[in-house]
Amino acid sequence: MTLHPILVAVTARITERSRPTRQAYLQQVDAAAHKDPGAQRLGCANVAHAFAAMPEGDKGRATALDKIKVVAPRAPNIGIVNAYNDLLSAHAPLQHYPDLIKDEARKLGATAQVAGGVPAMCDGVTQGTPGMELSLFSRDVIAMATAVSLSHDVFDAALMLGVCDKIVPGLLIGALQFGHLPTVFVPAGPMTSGLSNSEKSKVREKAALGQVGRAELLEAESKAYHGEGTCTFYGTANSNQMLLEAMGLHVPGTAFINPAEGVRAELTREAARTVLALVKGQNFTPIGRLVDERCIVNAMVALLATGGSTNHLIHWVAVARAAGIVIDWDDFSALSDVVPLLTRVYPNGSADVNQFQAAGGPGYVIRELLDAGLMHADVLTVRPGGLREFTRIPSAPNGQLLWQDAGASKDDTVVRPASSPFSTTGGLKLLQGNLGRSVIKISAVPEELHVIEAPARVFSSQDELHAAFKAGELERDIVCVVRWQGPQANGMPELHKLTPPLAVLQGKGFKVALVTDGRMSGASGKVPAAIHISPEAAAGGPLAKVQDGDLIRLDGVAGTLQVLVSEAEWAARPLAQMPAELSAANGVGMGRELFANLRRNALKAEEGACTWL
């Protein structure tokens, strides 16, 4: 299949733009790859410390010593980095995965150790609270914790156990600092379907109106979020898994298998077999070589084709940068113009990820994109068969893993072929204008609401907006501007708690939109939301010029976001300053003091909000 010319052009310009940083990164990877294994290179005291707690049999294989006698050859040692905790439903199943991996490694004459754990927080728990202001930067903390884990330098390969929002990008950024190691990612899958996402949203809107109380709302939420696994909507966590499949970093088809399904344990064992095959086999593929410009473009395409999380226009910019690759929102925009929308999964539709999986899942989407010339097929993956292996769906009859082609769509209201898509363009849209640059999850917005023009009401916090809503002050056509929500201001929290009141206003027939330098999460829904405005207000961005009553036009068709005032007036208008009391409050409590340096060093949202560059 001939590649689409825009795919070729975008990949070429990314490659050219990234040449100096990518070359420097690969030199670092190659230098590390040519060192002797840590167990042979480190001092004896170092090695003894590293393997002191290992069972004797494993210790002998890992050190190539048995009762002080040299044993050859030394066995490969896998470093496991685990995001397990039993607070997060998505990560609770990971508790016992290291035992499966160690057992499988022993069967193959290798060893495995839990190199370290990384923090994993849940945005669902922290939405609308001060804790949410730690969320975005937890990605970089996770990356640092991954680096600390692998810095013991006694590993021949790595397995990354994690699933949710910041956790996977953080693990991937950290793993790329050890780009000389073959690395495979190991998820746990989504929870089984409970109360539908649409029904849950209706109850939330009723609660915003005061029509149901806390008991009814908690009952609905508990029926929606009811067991182990990721949330079932297509937010950031599940978008992570789609992108990892498209990058060839999973065991094929692993993304959306429920934790309790029998095939899940076998897929986890297969992850150990896969990474050891990379170490021992002819297709040695360290992650730093695998994640190249084509691999990153494949991930971008998969995101757009599925209407995935807007958060990844931040996270994957940072991931790419960790591999020495420089991408920006213009690249996403150019691809979005030619990548068709192939899925309708909530909030882009009514189906959940379990229905998506049943209809064909990632395997179907990847096959359609490859056949349409919209993904690079000639990329390295963790499997010898390349990206085509990721077009198949796994099963384990009698405990033996088998894969079969995804076949035709089992439900064309959920997934469609590239020849008959839901839309000829991607699910995310770049907006530009005198307010800066922002993004919108356009595929979730009803077509008749793609253009909103209304007077602005300016807020300094989401609490102010909630108060105005409860006071009945927003009952009109309105563009709600919520500023001082960017990385430098307060860590760029998600503002998903704003969805129910704004949806209520929309439901009453008003034209409503949100404009903010904050995030709205992968669950960005039916209310038009221009988010991630860059540069942010706290960094002197034009959002700080907006005043109550300004007419704002959000045009998701033309891709523009404008305050409709004359150029001369706009240029002369002063920048508002972040209220001193708000600035002070953002840095106090819930551990936010410890994140002050990250806020100071954060780059723009379009630059991945990176704190280490």
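In the predicted model, helices α11 and α14 cross with right-handed geometry, a crossing counting as right-handed if the near helix is turned clockwise from the far one by less than a right angle, and left-handed if anticlockwise. Helices (H or I, at least four residues) and strands (E, at least two) are DSSP runs numbered from the N terminus. Helix α11 spans residues 236-247 and α14 residues 293-305; they pack at about 140°, with axes 8 Å apart. Axes are lines fitted to C-alpha atoms, for helices over the stretch in contact, and angles run from 0 to 180 degrees between N-to-C directions. The two helices are therefore oblique to each other, the class left after under 35 degrees (roughly parallel), over 145 (roughly antiparallel) and 65 to 115 (roughly perpendicular).

Contacts (heavy atoms within 4.5 Å) involve Ser239, Met242, Leu243, Ala246 and Met247 of α11, and Cys295, Ile296, Asn298, Ala299, Ala302 and Leu303 of α14.

An open sheet of 4 strands has the order β4-β3-β5-β6 with parallel pairing, where paired strands share at least two DSSP bridges. Strands β4 (111-117) and β6 (183-186) form the edges. Neighbouring strands are turned by 25° on average, direction ignored. Strand β5 (residues 157-161) is joined to β6 by 4 bridges, and Met160 has Phe185 in β6 as its bridge partner. Helix α7 (residues 135-150) packs on this sheet, touching β3 (77-82), β4 and β5, at about 140° to β4. Helix α8 (residues 167-176) lies across β3, β5 and β6, at about 170° to β6.

Residues are numbered from 1 along each chain as its sequence is written, and side-chain values use heavy atoms, with hydrogens and water left out. As the model is predicted, local features need pLDDT of at least 70 and side-chain atom pairs count only at pLDDT 80 or more, whereas totals for chains, interfaces and linings use all residues.
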